[in-house]
Amino acid sequence: MKVLICETAEKAVARAAELVIAQVRKKPDAVLGLATGGTMLPLYRKLCEACRQGAVSFAQSTTFNLDEYVGLAPDHPGSYHSYMREIFFDQTDIDLGRTHLPRGDCADPASECQRYEALIAASGGIDLQLLGIGQNGHIGFNEPTSSLGSRTRIKTLSHSTRLANAGHFGVIDAMPRHALTMGIGTILDARQCILLATGQSKAAAVASMIEGPVSAGCPASALQLHPAMTAVLDAEAASDL
Ligand code: GLP
């Protein structure tokens, strides 16, 4: 695993954005795996800015998001569909027809997960997977105890994850209890992974990911097995290394 430690969160975000832009410039029809969460907001802002300035174009890119909450329709304000439209898709030249997220409001989650895996495979596979990390070491919504070979499926969200994300829903009771998420095996299939982590609250999870044993107790530790994985950290997120 390559570990890049930047002085500030701003520099870490800029570094991660450079890596994404380099991939898309090299291969304009790249298949990008996208992540959500607060950490990604400034990264998407940078990518939108680069697109507006003509430094990169996403017009030929295909995207697959990691996850979506079960039960939420794409137009629900708390859905990751809404997040992606607002923060990234609607502000770039991306072709919405080439953007993909699991459907949280599907009637049959098991077949939706199979459909999603088949779509990823039919695209030729993910060239670059962007990742954040949860305070408990989750990636996507692969909570601790997720099988390291898992594929896209339903996961029950832990109480700590629901607390950390409840802000988007007002109160924790309004927060979904399940999500559809790419599995750890799905993520490890990407040709390149870039994980961005900033802030003190991620320091313990980052240390387990990089220096801990590979274990389902810290799902992100599975990234130690990936041959082209880069962790981009700010000094606070790297402070327990
Ligand atoms: C959610 C997402 C993850 C993300 C994590 C961290 O759980 N499913 O993909 O990495 O949150 O989010 P934040 O960046 O807001 O700390």
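Strand 7 and strand 8 (residues 178–181) pair in the antiparallel sense over 4 bridges, where two strands count as paired if DSSP finds at least two bridges between them. Helices (H or I, at least four residues) and strands (E, at least two) are DSSP runs, numbered from the N terminus. This is a predicted model, in which local features need pLDDT of at least 70 and side-chain atom pairs count only at pLDDT 80 or more, while totals for chains, interfaces and linings use all residues. Residues are numbered from 1 along each chain as its sequence is written.

Strand 8 also pairs with strand 4, in an antiparallel arrangement joined by 3 bridges. The residues that stand opposite one another include the following pairs.

| Residue | Opposite residue in strand 8 |
|---|---|
| Arg153 | Thr181 |
| Lys155 | Ala179 |
| Glu68 | Leu180 |

Together these strands make an open sheet of 3 strands with the order 4-8-7 and antiparallel pairing. Strand 4 (67–69) and strand 7 (153–156) each have a single partner strand and stand at the edges, so one side of each is left without a neighbour in the sheet. From one strand to the next the twist averages 30 degrees, with axes taken as lines fitted to C-alpha atoms, for helices over the stretch in contact, and angles running from 0 to 180 degrees between N-to-C directions.

A further open sheet has 7 strands in the order 1-10-9-6-2-3-5, and its pairing is parallel. Its edge strands, each pairing on one side only, are strand 1 (2–6) and strand 5 (99–100). Strand 5 is joined in the parallel sense to strand 3 (residues 62–65) over 2 bridges, and His100 in strand 5 is the bridge partner of Phe64. Helix 1 (residues 9–26) packs on this sheet and touches strand 1, strand 6 (128–131), strand 9 (193–197) and strand 10 (229–234), contact between two residues requiring that their C-beta atoms, placed from the backbone, lie within 7 Å. The direction of helix 1 makes about 155 degrees with that of strand 10.

Around the ligand there are 14 residues, of which Ala35, Gly37, Gly38, Thr39 and Gly132 come nearest; a residue is near a molecule if its C-beta atom, placed from the backbone, lies within 6 Å of it. This shell divides into 4 nonpolar, 9 polar and 1 charged residues, where Ala, Val, Leu, Ile, Met, Phe, Trp, Tyr, Cys and Pro count as nonpolar, Asp, Glu, Lys and Arg as charged, and the others, Gly among them, as polar.
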